[in-house]
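Q: I am new to this structure and would like to go through it step by step. Could we begin with a single residue and then turn to the larger parts?

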Amino acid sequence: MPESAPLIYLDNAATSFPKPATVATAMADFLTHRAVNPGRSGFDLSLDTGRMVDRARQQLDRLFNNPAVDPDRSIFTANATGALNLAIQGICRPGDHVVATVLEHNSVLRPLFMLRKMGVITFDLVACDAGGHLDPGDFARLIKPATRLVIMTHASNVCGTVQHAAEVGALCRGRGILFLLDAAQTAGLISVDMAAMQADLVAFTGHKSLLGPAGIGGLVVGPDVDIRSTSWGGTGVNSSLEEHPGDFPWRLEAGTLNTVGITGLAAGLDWIADRRSGSILDHERGLAEKFVAGCSRMEKVSVHGCATADRGILPPDHLPVISVTVAGRSPEEIGLFLDTDWNIAVRTGLHCAPLAHQALGTAAAGSVRFSFGPFNTDQDVETVLEALQHLAK
Ligand SMILES: Cc1ncc(COP(=O)(O)O)c(C=O)c1O
């Protein structure tokens with residue numbers, strides 16, 4: 001591999017890169033010409049910015065098909081972590097029980113562990129099988145009279161398995177329990193239809209498959225969800241009141257919004273909307289299928305959380321997120337080799353989901369995660385397979 005080899009970026013599950021050029025252009029244009037506060041003043045530029053924010057909320061309302069049909073319930077946060085914390089802390093009350101899963105990211109697990117340590121809640125976690133799947137029946141078995149909230153990642157950020165959100169949503173609705181879906185890995189790639197899945201809350205992040213910048217994400221709140229504010233401050237409305245306003249979006253948004261990030265997110269959403277529905281997923285999955293087939297031809301390479309990987313097949317319910325180990329090599333060593341010798345960027349270790357690795361049998365050192373994005377090519381896959389062959393000789 002020549003030293004000047006171009007970067008092959010295969011860490012799109014962490015954050016997508018590169019972004020569509022229109023995202024950077026829209027952000028630069030906003031910063032140069034219109035970067036004033038929305039909703040605080042009546043001058044033209046401020047109204048313009050307010051309209052931009054409203055439009056972004058509408059885009060999100062449509063993307064997630066919120067049955068509330070109220071764009072003001074699309075709340076902006078800094079990322080999925082902010083959205084998940086807001087939902088968990090805004091909903092859970094002393095004595096509540098929560099059901100979540102071993103596939104959750106630390107952005108769900110750590111708030112739950114902290115609230116349990118503080119004596120506020122108890123929780124149970126649904127286990128997953130070796131293929132990286134959760135059984136909706138296991139949720140039913142763990143629900144108790146005190147269960148207020150069920151939280152599930154829509155797709156694992158370790159092995160890419162997409163879970164049965166509609167079944168879990170129907171179960172929760174039938175029992176009067178709120179269902180919070182973590183769509184950090186799925187939003188922008190596969191349908192996240194709140195109405196069809198009966199999800200009460202959806203947490204998303206802007207910088208992965210929605211192709212926006214880091215620092216913007218959100219929480220979409222369905223109808224009849226009893227959620228409290230968790231931070232209080234300026235909103236630009238009802239400033240004489242001592243109490244933070246209860247209406248959406250202000251109830252869950254305090255302080256100045258990340259309007260630059262919202263501009264970039266809106267441009268990412270536009271870029272996705274301009275493409276044929278499903279075409280981004282088809283492209284990325286095509287690359288992942290080729291990668292899994294190539295891995296199956298290398299004896300020392302194992303793909304984890306993918307039931308048919310040894311036959312070289314990526315099941316249809318998998319995102320293009322593939323976790324691999326190579327016999328006799330640590331994930332860290334593999335990552336370093338790919339980076340220094342091949343200029344290939346991947347993510348190694350536990351991917352902020354330690355319990356998922358325990359379930360998949362890779363807790364000791366984690367795995368090497370290869371995740372494909374809209375700008376990866378067939379040639380990228382061929383090169384990475386060639387690099388792995390050198391390593392797995
Ligand atoms: C499934 C899942 N949930 C939540 C998060 C947190 O996202 P963010 O870092 O944008 O807060 C991630 C990020 O990797 C994730 O993969």
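Q: To start, is Asn238 buried or exposed?
A: This is a predicted model. In it, Asn238 is exposed, because 12 other C-beta atoms lie within 10 Å, and a residue with 12 or fewer counts as exposed.

Q: Where is Asn238 found?
A: Asn238 belongs to the loop between β8 and α8. Its phi is near 50 degrees, which is a positive value in a residue other than glycine.

Q: What about Val69, where does that one lie?
A: Val69 is in the loop between α2 (44-63) and β2. Val69 is not a glycine, although its phi is positive at about 45 degrees.

Q: Why does Val69 count as exposed?
A: Val69 has 11 C-beta neighbours inside 10 Å, so it counts as exposed. The cut-off for that class is 12 or fewer.

Q: Changing topic to the sheet: in what order do the strands run?
A: Seven strands make up an open sheet, and their order is β2-β8-β7-β6-β5-β3-β4, with mixed pairing. At the edges are β2 (74-77) and β4 (121-126), each of which pairs on one side only. From one strand to the next, the twist averages 20 degrees.

Q: What holds paired strands together, in general terms?
A: Strands of a sheet pair through backbone hydrogen bonds, and the sense may be parallel or antiparallel.

Q: And in which sense do β6 and β7 pair, parallel or antiparallel?
A: Strand β6, residues 178-182, pairs with strand β7, residues 201-205, in the parallel sense, and the pairing runs over three bridges. Within this pair, Leu181 stands opposite Val202 in β7.

Q: Next, the helices. Which residues of α6 are buried?
A: In helix α6, which spans residues 165-175, the buried residues are Ala165, Val168, Gly169 and Cys172. They lie on the same side of α6, because they cover an arc of only 100 degrees around the axis.

Q: What covers those buried residues of α6?
A: The cover includes α5 (136-142), β5 (147-153), β6 and α7 (194-197).

Q: Which residue follows α6?
A: Gly176 follows α6, and the phi of Gly176 is positive, near 70 degrees.

Q: Where are the cis peptide bonds, for instance the one at Pro18?
A: The bond from Phe17 to Pro18 is cis, with omega near -5 degrees. Pro18 is placed in the loop between β1 (8-9) and α1 (21-33). Another cis peptide bond joins Phe248 and Pro249, where omega is about 0 degrees. Pro249 is in the loop between β8 (217-221) and α8 (259-273).

Q: Into which domains is the protein divided?
A: The division gives domain 1, made of 8-20 + 277-391, and domain 2, which is 21-273. Their C-alpha centres lie 27 Å apart.

Q: How many residues does the contact take from each domain?
A: Domain 1 contributes 28 residues to the contact and domain 2 contributes 35 residues.

Q: Which elements supply the domain 1 side of that contact?
A: On the side of domain 1 that touches domain 2, α9 (279-296), β10 (321-326) and α11 (354-360) each supply at least two residues. The most comes from α11, with six residues.

Q: And what classes of residue are on that side of domain 1?
A: The side of domain 1 that touches domain 2 has 16 nonpolar, nine polar and three charged residues.

How values were computed:
Residues are numbered from 1 along each chain as its sequence is written. This is a predicted model: local features need pLDDT of at least 70, side-chain atom pairs count only at pLDDT 80 or more; totals for chains, interfaces and linings use all residues. Two strands pair if DSSP finds at least two bridges between them. Helices (H or I, at least four residues) and strands (E, at least two) are DSSP runs, numbered from the N terminus. Axes are lines fitted to C-alpha atoms, for helices over the stretch in contact, and angles run from 0 to 180 degrees between N-to-C directions. A residue is buried if 20 or more other C-beta atoms lie within 10 Å of its own, exposed if 12 or fewer, and partly exposed in between; C-beta atoms are placed from the backbone. The arc is that of the directions from the helix axis to the C-beta atoms. Two residues are in contact if their C-beta atoms, placed from the backbone, lie within 7 Å. Domain bounds come from an automatic or database domain assignment. Ala, Val, Leu, Ile, Met, Phe, Trp, Tyr, Cys and Pro count as nonpolar, Asp, Glu, Lys and Arg as charged, and the others, Gly among them, as polar.
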